[in-house]
Amino acid sequence: MANIIIVLILLLIGGLAVSKIVSEKKKGAKCIGCPYSGKGSCSC
Amino acid sequence: MKVALTGNPNSGKTTLFNAITGKIEHVGNWAGVTVDKKEGDIKKSLNKSSLSMTAVDLPGAYSMSPFTSEENITRDFVKNEKPDVLINIVDSTNLNRSLFFTTQLLELGIPVVVALNKTDMSRKKKTVLDVARLSKALNCPVVETVSTKSSQNGLEELILKVVEVRGSAQSVPYISEKVDFSQAQSVQSSDRRRYDFVKELVGKVETRKIKSNQQTRQDAVDRVVANKWLGIPVFMLVMWSVFSISQTHVGPLFADILVGWIDGFYVLVESLLGGDVSPVLKALLLDGIIGGVGAVVGFLPLIMVLFFMLALLEDCGYMARVALVMDRFFKKVGLSGKSIIPMVIGTGCAIPGVMATRTIKNERQRRTTAMLTPFMPCGAKLPVIALFAGIFFNDAAWVGTSMYFLAIGIIILGALIVVRITGEKNARSYFILELPEYRFPSFKRAAVSTMSRAKAFIIKAGTIILLCNAAVQIMQTFNWQLQVVAEGAENTSILASISSPFAFVLIPLGFGAWQLAAAAITGFIAKENIVGTLAVVFSITNFIDTEELALISGSADVAGIMGLTTVAALSYLVFNLFTPPCFAAIGAMNSEMGDKKWLWAGIGFQFGMGYVASFLTYQIGSLFSTGSFGQGFIPGLVLVSTLVGYVVYLMKKGDSKTSLKLSVSAKGV
């Protein structure tokens, strides 16, 4: 039971990370998390 | 309703754009920071009308006849997209230059509102401006603004005027005669007449106490800071101070606290898991995710302090002086004077640095700059520098400083090689860099910039780095038959089998262990991964408190855990900093170079340069520290000699191209 919970937690963490990457890429981010990176603009 | 922000470079357009939209686009106290247009809705607190207003921040331009690609963006937007109103941001400390562009904008038929910006600086110089007279002379509203101030900055009045002039016809204060653009003389004489008009106008509305030809305190500072000979040692001292404060003194104080919290969280999760959980899952969660991500995040305070200090340096106007000091070196090796701008931007992140190369007109110079910009240590490389400086060099500030200057040296050498290979060693370029006035840096702006970068760092750590560390942990745990590898048999894991062939090539560089090769490989996804992977493969969660680390491992010293000598550690750092950047930056190189041959040559060049620099660091360092060359000297020497020989061959080939060009031009063909 404990192992199943841990697997679920790991899948949740991984899923959240992947969904964040996908959403950032959809916004046009060249580098994940970068506040200056978006569609047509990237000027740190 | 669309409102375009136009004006000369460094007139404060992006600062004003951020102030009216609430956005956090990057600003810098120097010309050429914005190279592309940006859009944002004007804040409701400033926009009292019922209209929805979008502001468009455009790159700086000196005139409507474009000389650079960013001026093209501005001209094309204003002419083709027909915004409803133009806000022309005018630097009130330099009216003579700024109003030339204003008179051109007024001819377009779009209503214009002039934002007379930086009026606080004009007042400080006791310059008196007759705003009402200027407004009357230009036939458009003129509003005094100080976009760096959070209140009483004139922005509400500015937006009010924008709403008022919407839809109105713009009358022209200066009528230029017909210009034949195919005739340089016709263009020049037209520009001269326009300048005369502006000069006369400025004479009527401006009363200066300090004449522009008078020497000021700023000029006195520049005589030292931007001096041909003193500029470099001053820059070295500045960078050493920045690293000393961020990596040795202030940064570690906060890092110790943060690492304490991460360690506490690790212990808490470990105790919650208990003894029933599978060791594989336990290791994945604790060592792969919490340990790996925690090791990277532990460096956040050091990086934040460093970014904060670099932001202050940029804001006060110092970085523009650095650009000036470096300019003469870059010109000598065939780069554009403008090449320094992408490289300074590249100290934050290589991607915008590479993208900033688009302001360089000459194709070879642009591609060479895009190839060399990633050599500058970017923000992602800072945790790697901090890790090695901390573990192997007792947090010495010279490590980070020397990496910056080594990067500059490699860039100059690289440019020299490329210019010879391409057969353009006689090419010379000219670049006029406008020096902004020194000002007291804004702590608020530096804090906002630092916080947004810190947020980006955390997001990156929680996404890409987390997934990579988890993958590394899984690949380290299993072999190709998907069986858990036994303790002590880690060499049979998937990760070891993938990394070992690479590790073999790295023996002459002093780090032939598969773990170190694996970290270098994951570094191509994101450079911070090097720290995360080292944490996972060596099961280290705390790279900050190295005394504690040595105690836990039972090893006599930290170097023993990673199997590195001090010289090898420096070599490993050099290799990771000067081999190709992350894939995202390579993608930016691809789009800016626009040529696959250049891209692959660039990546090959970066690999070669990193390998040779690392080889020299290790072998020469070993010779001095132990009296003999290090491991794998002979095979390494053969490989390095082959690389160098090939580059020399290409350079000779390029020289013959140059001679051919010269003889053709001498014959007047």
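How many bridges join strand 4 of chain B to strand 5 of chain B, and do these strands run parallel or antiparallel? Six bridges join strand 4 (residues 85–91) to strand 5 (residues 112–117), and the two run parallel. The model is predicted. Chain B has 27 helices and eight strands, and chain A has one helix and two strands.

**Chain B overall**
- A compact globule of 669 residues would have a radius of gyration near 26 Å, and the 28 Å of chain B agrees with this.
- The C-alpha trace of chain B spans about 85 × 70 × 45 Å along its principal axes.
- Of the 669 residues in chain B, 49% are buried.
- Among contacts in chain B with a separation of 6 or more, 72% are between residues 24 or more positions apart.

**Domains of chain B**
- The domain assignment divides chain B into domain 1 (2–207) and domain 2 (231–661).
- The centres of domain 1 and domain 2 of chain B, taken over C-alpha atoms, are separated by 41 Å.

**The six-stranded sheet of chain B**
- Six strands of chain B form an open sheet in the order 2-3-1-4-5-7, with mixed pairing.
- Strand 2 (38–41) and strand 7 (142–144) of chain B are at the edges with a single partner strand each, so one side of each has no neighbour in the sheet.
- From one strand to the next, the twist averages 25°.
- In the pairing of strand 4 with strand 5 of chain B, B:D91 stands opposite B:N117 of strand 5.

**Helices on the sheet**
- Helix 5 (residues 131–138) of chain B lies across strand 5 and strand 7 of chain B, at about 150° to strand 7.
- Helix 6 (residues 155–165) of chain B also packs on the sheet, where it touches strand 1 (2–7), strand 4, strand 5 and strand 7 of chain B.
- The direction of helix 6 of chain B makes about 165° with that of strand 5 of chain B.

**Helix 20 of chain B**
- Helix 20 (residues 514–522) of chain B is mostly covered, with eight of its nine residues buried.
- The buried residues of helix 20 of chain B are B:W514, B:Q515, B:L516, B:A517, B:A518, B:A519, B:A520 and B:T522.
- These buried residues pack against helix 18 (443–477), helix 19 (494–505), helix 21 (529–537) and helix 24 (566–578) of chain B.

**Chain A**
- The elements of chain A run α-β-β from the N terminus on.
- Of the 44 residues in chain A, 32% are buried.

Note on methods
Residues are numbered from 1 along each chain as its sequence is written. Chains are lettered from A and ligands numbered from 1 in the order in which they are written. This is a predicted model: local features need pLDDT of at least 70, side-chain atom pairs count only at pLDDT 80 or more; totals for chains, interfaces and linings use all residues. Helices (H or I, at least four residues) and strands (E, at least two) are DSSP runs, numbered from the N terminus. The radius of gyration is taken over C-alpha atoms; the globule rule is 2.2 Å times the number of residues to the power 0.38. A residue is buried if 20 or more other C-beta atoms lie within 10 Å of its own, exposed if 12 or fewer, and partly exposed in between; C-beta atoms are placed from the backbone. Two residues are in contact if their C-beta atoms, placed from the backbone, lie within 7 Å. Domain bounds come from an automatic or database domain assignment. Two strands pair if DSSP finds at least two bridges between them. Axes are lines fitted to C-alpha atoms, for helices over the stretch in contact, and angles run from 0 to 180 degrees between N-to-C directions.
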